[in-house]
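Please read them with the structure open.

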There are 4 protein chains.
Amino acid sequence: MDEIDGANVVARSLKEEGVEYMFGVVGIPVIEIGMAAQAHGIKYIGCRNEQSAAYAAQAMGYLTGKPVVCLCVSGPGVLHTIGGLANAKVNGWPMILIGGSSDLDQDNRGAFQEYPQIDAIRPHCKHASRPTTIDAIPQHIEKAVRTALYGRPGATYVEIPGNLVTETVDESTVKSSPPIPLSRPVSIPPESLVRSAAEMIKESQRPLVVFGKGAQWSERGPIQLQQFVTATGLPFLATPGGKGAIPDNHPLSIGPARSTALRESDLIILAGCRLNWMLHFGQPPRFADNIKIIQIDVSPEEFHQNIPTTLPLLGDVGETAQVLRKSLKGWKFDSNSKWMKTLHQKAEKNKETVEKMINDESTPLNYYAAYKAVSNFLCHKIL
Amino acid sequence: MDEIDGANVVARSLKEEGVEYMFGVVGIPVIEIGMAAQAHGIKYIGCRNEQSAAYAAQAMGYLTGKPVVCLCVSGPGVLHTIGGLANAKVNGWPMILIGGSSDLDQDNRGAFQEYPQIDAIRPHCKHASRPTTIDAIPQHIEKAVRTALYGRPGATYVEIPGNLVTETVDESTVKSSPPIPLSRPVSIPPESLVRSAAEMIKESQRPLVVFGKGAQWSERGPIQLQQFVTATGLPFLATPGGKGAIPDNHPLSIGPARSTALRESDLIILAGCRLNWMLHFGQPPRFADNIKIIQIDVSPEEFHQNIPTTLPLLGDVGETAQVLRKSLKGWKFDSNSKWMKTLHQKAEKNKETVEKMINDESTPLNYYAAYKAVSNFLCHKIL
Amino acid sequence: MDEIDGANVVARSLKEEGVEYMFGVVGIPVIEIGMAAQAHGIKYIGCRNEQSAAYAAQAMGYLTGKPVVCLCVSGPGVLHTIGGLANAKVNGWPMILIGGSSDLDQDNRGAFQEYPQIDAIRPHCKHASRPTTIDAIPQHIEKAVRTALYGRPGATYVEIPGNLVTETVDESTVKSSPPIPLSRPVSIPPESLVRSAAEMIKESQRPLVVFGKGAQWSERGPIQLQQFVTATGLPFLATPGGKGAIPDNHPLSIGPARSTALRESDLIILAGCRLNWMLHFGQPPRFADNIKIIQIDVSPEEFHQNIPTTLPLLGDVGETAQVLRKSLKGWKFDSNSKWMKTLHQKAEKNKETVEKMINDESTPLNYYAAYKAVSNFLCHKIL
Amino acid sequence: MDEIDGANVVARSLKEEGVEYMFGVVGIPVIEIGMAAQAHGIKYIGCRNEQSAAYAAQAMGYLTGKPVVCLCVSGPGVLHTIGGLANAKVNGWPMILIGGSSDLDQDNRGAFQEYPQIDAIRPHCKHASRPTTIDAIPQHIEKAVRTALYGRPGATYVEIPGNLVTETVDESTVKSSPPIPLSRPVSIPPESLVRSAAEMIKESQRPLVVFGKGAQWSERGPIQLQQFVTATGLPFLATPGGKGAIPDNHPLSIGPARSTALRESDLIILAGCRLNWMLHFGQPPRFADNIKIIQIDVSPEEFHQNIPTTLPLLGDVGETAQVLRKSLKGWKFDSNSKWMKTLHQKAEKNKETVEKMINDESTPLNYYAAYKAVSNFLCHKIL
């Protein structure tokens, strides 16, 4: 009969559910979890503060689409992650927080760093739970990974009481939870709505595609969206969160003409982004008063936020772009239209303005000049 | 220049967003809201306790698919609704709570029934907000109605500070929010998954359709699901929440053979219901050890809960049943199969057992006998 | 070796800590706790709704100064008590809530009425905890009783997971927690402040004693306060919560002249009551602009609320009244002073006005007339 | 008519309530508050992270007994302070957090860094509030300062909506709140209990004074406690939080014999410290099984925690030490008793052991050796 401790059950479960990276700050009572994680082949990145560990875990989770863990000690350790958890919640980034807590039998007595951690964390998470036996750990880990990744992503939390970390049980009694597929469930809008969207696009004089974080998060979003704009010839721009889903140097990218494009468009295909402060709440004078919106989103609650959505398309950004592309097969927006010319001219002009500032190294240095060095470094040294 | 008070702005906004019914208990400071609601044509049902008003509002919202409001006073009034709000959250039932609070300028001073209401309510809601000017009310109402109904439904809360109820502003300054469509956005699974599901169904020896609350909530769920089972000849049963989506007297209903059906099925098409305690967590011995599950749900987080979902179909129950039916066109499960015979025989036998108990009026009366009277009353007097 | 189940450990601990009464609604999983409580000699009062059970428990706890329990089931049962808990928090009334929850091994799986109960309850309590073993129960009960009663009283919550209720352990392993003294720790202000207060009282032309809930809650508050006013001849009135600490028919009671007394006093000795909405926030025109306040309270945070406290006396209302009485020994406010005459005349006049309304039985009946019947009933039938 | 903006009202109110120091990280929307604070003579210490700003503010507040402020931006800024707020709550350290939030008219629309901040902060605070007009700011600031300092100290939070920061009103309309006395209300135990404590002390064979954070926080605690031990000749030791209330080089300090003292004492006078993990929960074998405890504390809820308090003395640590000293006048513990000899011998022996380690500079360096350098630096360079 082999014995296994809680630390190894946590680590084994995380590994089985597809976790490859763990950011964290170790200390009592989670030191052994950090060690066990490494023993199970999870790469552990030690941080100086739980705050940055939490931000790092969610950024990596969002960028890779995989479950990434943050590990922290009880009390202040857990509380320092709240900024990260809240960011994950608001921005829809996945992360799994594993936090230690005081021993179960010291609950309520004034234990080391005892605090109502679950209550403190839950408002900033999609899900929070606390196994009270080693046997229960795999199911809690599985649910935490699944909930963080599936649907609108976000943070989840599993709290491991200190005594479970080092206590052992007969290994054969601890059933693994089945690994959940990391390829996430997706859906598309009903066919009739896709057809309506295609009609609206064809009728538009000044169409514009705007995409955001949701386009990045969609597993095949970047490629399907790029196929969509390339096939349809529609001009596009990205919000900061959407940057990179389609490269900025794509010929249809009109990002530098952002203000003009938003203000003068008569139809915006909004893909995985919100009409919040970053897009001026969709309001005049930054948008036309009677702007039409086709919005693609996985969260129906986002439709009609601040202004009416003319045609809401509920579904995965990439998959929806694909069915929309198929529905528009054979049609392409006129690359010689007045709209395209306006946008390209404006983009060109703005580029020149920025270019000048980038190359202006007079004292005092303007901040665009700094971008030049950054850009050179990123393009030549990293990529 | 006409003046309008906050009470009338609340009522007008609710009406514009499609609210027809309001349950509540009036008192300071919401008396005027109840009166204004009636003046705007909303039917007001006065209750004795906010607890029952909240339960009533959500039940009606769930059964009608429309936004139904609960109105309550500050302090204990709001707190009495928490049981209802939590039920709405857990079960996915829509409701909009409008609660009064103390005057803005008495915040923090020990006002009548002053309490941190928003904090108290938020954990039990999908969304909670508090306008601090009359102008802001329509947008808060619109978002509350939309969020309660769209996506997985639930409760929302708008808090109206007492002074806003009776203060007035120039009517022309209060912009209405556009009415949101009460027909809710829906989606369907990608075509390839629908085909896979169809294949799995064709290959199954002992298929079973189990549907729940989600089938009822889907706007066209009841009719599309009924078309699906009728066309495919698949036997079905409902959880308590799903009862009635397809009538129990449908020839394919095998509800009375529930235990046998769950235990011996090799493929369950789970439509809008969860594998929680009510379905024994999907575990043996109530289910086959290697049971296959095709699960249709709007919440991807529900897939793989407790046991793996063999094929997750993310989408609206009704719309998904429809595309699945089309994909299975021409195929029908053999009504003379051993599986159907087993189920029908078992159902028949169980019906007889129950029938006996229903008709047994010996003393002391068993509780099945009471059902008979209830059933007669419902079938003959009401329907 | 005798076995004991969790239900009996809960009941035994409550009894040992001085609990004599339990209000509640039984059901899964707390039925056995209700039975065990009765078996241990606790009187159980079954209610129809947890809401009223919670209000009843705290009212009895406040009126008797002893720990009174509310027992409820999981999920909605617990949530229905929140109105009561919040009232206990705001008003400083003691109560202990014992709530069932789902079994520990079903946490996180969709158990019957599973809900994050601790999180939901904690904001409305002084303390909330959840033992996860039977052995831990006595300490949790002891802390709950102590915290509810000691200091500023309020509600506490102990959550008993369903499986603990019926599981058993060797009786000898379950140590009782020592019973806490139900006589609560009290303190008094430093001597120099008591002397200053005495000086202020002697110098006042129009002094007034106003007492509230805190005077009732103080163990010897009613008797010591009555000794204080009798010895000093100071006129007094009570807030609704203070009513009865000194009988209304005491010759120094000038309650019927409330408005005059508050408005014209130059020094108010505020004993165990807050300057909140009920006392018009201590503001003109209901109080003199330069009103002096000697405030006796156990919560220093209450001093200076809304208007400055001239002399804050931190301590138990009764004990402080006693040291103040001793400090004033030999002094008595002039019963023939203009202030006393004004108050008594005004009180007399107001009594007459009310008397008339009480005796006016013309149609439609005014509501004072109803008080007459109520008063007769209470005075003659009950007392 | 002079205009004043919200930033200046915040700063002026803080100054009027006695704030001299503000730690913080400025940014939208609180830049102007930081500037106004400096303009009003408050010293502003800019930090790199709100986390450290919050820890710094409370440490300074605790050490100086004065109100110290932390200033932070909305969203992540506020959330980064939670570790500090929770520490303030658990340890009873005062601090006032001023946080910006999004503009009132952007609430609910997706504003820059919009987040339910009040809900997030309240569980970690004694009090949290949000003025919605400039006029209301002084009262909110006054209550925040008062609540942080009075009673058991802790953190408080005032949230300033972004638009209030820069909006202006007629200066004459903004009434200042009266400054609250920074000298905090205190109380002492009733005389009879003080006499009982004196008797217990006289009868003890092996008495011991243990003091903690509460002794430091008591305004005259350090001096009155030192007078008490000097007058009574009682041996003492401090918890880490109490260190320095009486200097370690006082002849009665037996800190180096901590384990022996705790284990063999028959009566501990526990002054402002808790029997939590740091004092081994008051349990054997670290304490005698029948240890008697006289506990002085401002929080009655702390009495009887983990083990029974033989004699609870509710009151300020310093003031209570003073009345106890007076009650013991003329009595002194025998400095030649076996108990004193045991303690001094053990202390001496332990000092020697540590001394050796401090002076052991062999490789690898033990960590006591590092203390030597630190100690030299602190004693010679700083002090």
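This is a predicted model: local features need pLDDT of at least 70, side-chain atom pairs count only at pLDDT 80 or more; totals for chains, interfaces and linings use all residues.

1. I start with C:Ala86, which sits in helix α5 (residues 82-91) of chain C. Leaving aside neighbours within four places in sequence, the contacts of C:Ala86 are B:Leu79, B:Tyr115 and C:His124. C:Pro123 lies 37 residues away from C:Ala86 along the chain, yet their C-alpha atoms are separated by 8.5 Å.

2. A:Ser13 belongs to helix α1 (residues 6-16) of that chain. With 2% relative accessibility, A:Ser13 falls in the buried class because the limit is set at under 20%. What does A:Ser13 touch, not counting residues up to four places away in sequence? The residues in question are A:Pro138 and A:Ile141.

3. On charged pairs, the search of the whole structure returns 52 salt bridges over all chains. Some of them join up: A:Arg12, A:Glu16 and A:Glu171 form a network of salt bridges. The next three points take single pairs.

4. In chain A, a salt bridge connects the side chains of A:Glu191 and A:Arg195, with an N to O distance of 3.1 Å. Why are these two residues separated by about one helical turn? Both belong to helix α9 (residues 191-203) of chain A and they are 4 residues apart there, which accounts for the spacing. A:Glu191 is exposed at 57% relative accessible area, whereas A:Arg195 is partly exposed at 45%.

5. D:Arg195 and D:Glu191 make a salt bridge in which the closest N and O atoms are 3.1 Å apart. They are placed 4 residues apart, about one turn, in helix α9 (residues 191-203) of chain D. Here D:Glu191 is exposed, with 58% relative accessible area, and D:Arg195 is partly exposed, with 45%.

6. In chain B, a salt bridge is formed by B:Arg263 and B:Glu264, whose closest N and O atoms are 3.5 Å apart. B:Arg263 has a relative accessible area of 39% and is partly exposed. B:Glu264, at 33% relative accessibility, is partly exposed as well.

7. Chain B also contains an open sheet of 5 strands, ordered β10-β9-β11-β12-β13, with parallel pairing. Its edge strands are β10 (236-238) and β13 (311-314) of chain B, each of which pairs on one side only. On average, neighbouring strands of this sheet are turned by 15 degrees against each other, direction ignored. In general, the strands of a sheet pair through backbone hydrogen bonds, in a parallel or an antiparallel manner.

8. At one side of that sheet, strand β12 (residues 292-297) of chain B pairs with β13(B) in the parallel sense, over 4 bridges. Which residue of β13(B) stands opposite B:Asp297? It is B:Leu314.

9. As to annotation, an unreviewed UniProt entry places the feature "domain: Thiamine pyrophosphate enzyme central" at residues 195-323 of chain A. Over residues 195-323 of chain A, the chain is 31% helix and 18% strand. The end C-alpha atoms of this stretch are 9 Å apart.

10. Chain D can be laid on chain B by a turn of 180 degrees and a shift of 0.0 Å along the axis, with an RMSD of 0.1 Å. The two copies are thus related as by a two-fold rotation axis. Of the residues of chain D, D:Asp119 comes closest to that axis, at 2.5 Å for its C-alpha. Of the interface residues of chain D, 100% are also interface residues in chain B, so these copies too meet through the same surface.

Notes: Residues are numbered from 1 along each chain as its sequence is written. Chains are lettered from A and ligands numbered from 1 in the order in which they are written. Side-chain values use heavy atoms; hydrogens and water are left out. UniProt positions are given in the numbering used here, feature names are shortened, and annotations may be inferred rather than shown by experiment. A salt bridge is a side-chain nitrogen of Lys or Arg within 4 Å of a carboxyl oxygen of Asp or Glu. Buried means under 20% relative accessible area, exposed over 50%, partly exposed in between (1.4 Å probe, protein chains only). Copies are superposed by least squares on the C-alpha atoms of residues with pLDDT of at least 70 in both. Contact means heavy atoms within 4.5 Å. Two strands pair if DSSP finds at least two bridges between them. Axes are lines fitted to C-alpha atoms, for helices over the stretch in contact, and angles run from 0 to 180 degrees between N-to-C directions.
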